[in-house]
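I opened the model today and kept notes as I went. Each entry covers one thing I looked up.

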Amino acid sequence: MYAVETLELTKYYSRGKVKALESCSISVEKGKIFSLLGPNGAGKSTLIKILLGIVFPTKGYAKILDQDISNYKTHSHVGYLAENHRFPDFLTAQQVLYYFGKMSGMDTISLSKRIPELLKTVRLDKWASVKIRKFSKGMLQRLGVAQALINDPTILFLDEPTDGIDPIGRREIRDLLKSLRNMGKTIFLNSHLLSEVERVSDEIAILKDGRLIQKGGVDEFISIKQQYQLQASGGNTTIEGICNRLDIPLQSQNGFMNVSVMDEVQLNHLIDELRKNQTIIQAITPRKITLEDYFIEILESGDNQ
Amino acid sequence: MKLLAIIKLTFRESFAKKTFMAFFGISTLLCLLFLFALNLDIVDGAQSYISIFGAEVDQLIELEKIVLGVEGAIAVALFTAGIFLSLFATSNLIPSFLQSGSIDLIISKPLNRMQILLGRFIGSILIVAFNIFYLVITSWIIMSIKTGIWNWGFLLSGVIIVVTFSILFSLMTFLGILSRSGPFSLMVTYLILFISPFLLQRDRIYALLSDKIYGYILDGLYYFLPRTAELGVLTQKLVRGIDVYSLSALWTSLMFALIMLGASTLIFNKKNF
């Protein structure tokens, strides 16, 4: 059973002139952190809003926790942090959690225990009785995360959770997400901060112009097949000569040498040749790129097509 | 209870925006005005003189008749002022609720959309009901103590005011969902409120119309829109203890409210946020 499943999910606005989401099929395993990436207007928030019944799909089908998305009762197991969320600014932090907890169906006794715990988790315990109109953007965002967790949800939808949060706060949210995953919760994340996504996600999907263009594990995105980074001493000319002889493309980048081999056999052959020529190999590592590099590359390649 | 949380939140919003307190303050001011401006001097069950806001009425008339007449006039004044104030105080409650970033969070909770809308609607009605009953009951107590005549019919004016407000608020809810604008919904609702006396006098307008079709349109509007002018008259009759032979104004207006609420629910249920 998947935590989230969509099939050919489509959303058009203005009688089909605006295609916010087109035939999007994804499935998210339970207990994983799934991140949705894409430029502004790619359809990330639309997808989350459809899953939560805030926006209705034009076509397609979706399920949360094996229930059709039209079943609002499933929401008692769901937590949601909206992008640019707006809490009533006349409430204090604990009142926000109280009212949203009540709307989630929680009783007063459970809330009286849960609210102080959550405020402590998001470092707002000292601000519990302060009206939120006095809060900074980062504090509101942390309160938003607490609100999403108020009903101890099985699945959490977070739309730009680290938006406006300082680096320390970001690390805390990252750690919180990891600990939630360890508790078996599923997290569906939308974020622009690719370095954050790279650090916490198990799976990633990239959306562009409403279309799903790639999906997979984080390693699949950031490792480049059959490319290795070589660190060796013994003269670049020797290494270049050997690579030329073995017909192995070699590139120098930031003081490292990147080699592209056809397979592991060719890599071992290269190592043998280097050793034969008295080259001291310090390290050979599979070459990785950052998610950001990959993301930009894939979006640009899409633009060029 | 999830619905109760929305109702309480609506109350809090009204408090925070000071509309509740302003409403309460104006109601108190009106009551104080009755307390000091309405001067009734009673001698052996008959009236020696009554002065209202300083103006003397010097004929000897049976006191109860005078008191009922005065209370009827006050009830109509409360009806007009109460509706006007109530609409103004609640005009932004639906649009503010529908703001992006706010409604999204509420929809993500285990509530169906009808419950969400109903919670907000009931919350707004209760805010007005609280203030109107405070105003009506306090004025009634002041007048009754001063005159010694306890006219229970006066309390019905509170019920009619709240019912009339609910009818007009259903229109404001519909317009608020459509336009998400408080001022727009308020202006249109005031327009409907103010054209009601003209529609009541449509027989006199017929002669001025160039075509019969306009007469039919006026008739259609008269029967479809809330008949607030007649509800005001109904309030006066109930307060004065005059027999009421027809409640059609109340029924057709309630029908209008049901249509507006039904349409609001339909639109709200299908709206993308």
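**Chain A hairpins**

I began with strand 5 of chain A, which pairs with strand 6 (residues 67-68) of chain A in the antiparallel sense over 2 bridges. I am working from a predicted model. Across this pair, A:Lys63 stands opposite A:Asp68 in strand 6 of chain A. I then checked the turn. The hairpin of strand 5 and strand 6 of chain A has 2 residues between the strands, and A:Leu65 takes a positive phi near 50° there.

Next I looked for another partner of strand 5. Strand 1 (residues 2-13) of chain A runs antiparallel to strand 5 (residues 59-64) of chain A, and 5 bridges join them. In this pair I found A:Leu7 opposite A:Tyr61 in strand 5 of chain A.

Strand 13 (residues 250-253) and strand 14 (residues 256-260) of chain A pair antiparallel over 4 bridges. A:Gln251 stands opposite A:Asn258 in strand 14 of chain A. The hairpin of strands 13 and 14 of chain A has 2 residues between the strands, and A:Asn254 takes a positive phi near 50°.

**Chain A open sheet**

In what order do the strands of the open sheet run? I read 7-8-9-4-10-11 for its 6 strands in chain A, with mixed pairing. Strand 7 (78-81) and strand 11 (211-217) of chain A stand at the edges. Each has a single partner strand, so one side of each is left without a neighbour in the sheet. Neighbouring strands of this sheet are turned by 15° against each other on average, direction ignored.

I took strand 7 of chain A first. It runs parallel to strand 8 (residues 155-159) of chain A, and 4 bridges join the two. A:Gly79 stands opposite A:Leu156 in strand 8 of chain A.

Then I looked at what packs on the sheet. Helix 1 (residues 44-51) of chain A does, touching strand 4 (33-37), strand 7, strand 8, strand 9 (186-190) and strand 10 (203-208) of chain A. Its direction makes about 145° with that of strand 9 of chain A. Helix 5 (residues 167-182) of chain A lies across strand 4, strand 8 and strand 9 of chain A. Helix 5 of chain A runs at about 150° to strand 9 of chain A.

**Chain B helix pairs**

I turned to helix 7 (residues 153-179) and helix 11 (residues 228-240) of chain B. Their axes come within 8 Å and cross at roughly 165°. Helix 7 and helix 11 of chain B are therefore roughly antiparallel to each other. The crossing is right-handed.

Helix 1 (residues 2-16) and helix 6 (residues 113-147) of chain B came next. They pack at about 45°, with their axes 8 Å apart. That makes helix 1 of chain B oblique to helix 6 of chain B. This crossing is right-handed. The residues that meet include B:Ile6, B:Phe11 and B:Glu13 in helix 1 of chain B, and B:Arg120 and B:Leu126 in helix 6 of chain B. By class, the contact has 9 nonpolar, 6 polar and 2 charged residues.

**Confidence**

Where is confidence lowest in chain B, and where highest? I found the lowest in strand 2 (residues 46-52) of chain B, at a mean of 54, and the highest in helix 12 (residues 248-270) of chain B, at 96. Chain B averages a pLDDT of 88, and 91% of the residues score at least 70. The predictor gives the complex an ipTM of 0.84 and a pTM of 0.84.

Notes:
Residues are numbered from 1 along each chain as its sequence is written. Chains are lettered from A and ligands numbered from 1 in the order in which they are written. This is a predicted model: local features need pLDDT of at least 70, side-chain atom pairs count only at pLDDT 80 or more; totals for chains, interfaces and linings use all residues. Side-chain values use heavy atoms; hydrogens and water are left out. Axes are lines fitted to C-alpha atoms, for helices over the stretch in contact, and angles run from 0 to 180 degrees between N-to-C directions. Angles under 35 degrees count as roughly parallel, over 145 as roughly antiparallel, 65 to 115 as roughly perpendicular and the rest as oblique. A crossing is left-handed if the near helix is turned anticlockwise from the far one by less than a right angle, and right-handed if clockwise. pLDDT is the predictor's confidence in each residue, from 0 to 100. Two strands pair if DSSP finds at least two bridges between them. Contact means heavy atoms within 4.5 Å. Ala, Val, Leu, Ile, Met, Phe, Trp, Tyr, Cys and Pro count as nonpolar, Asp, Glu, Lys and Arg as charged, and the others, Gly among them, as polar.
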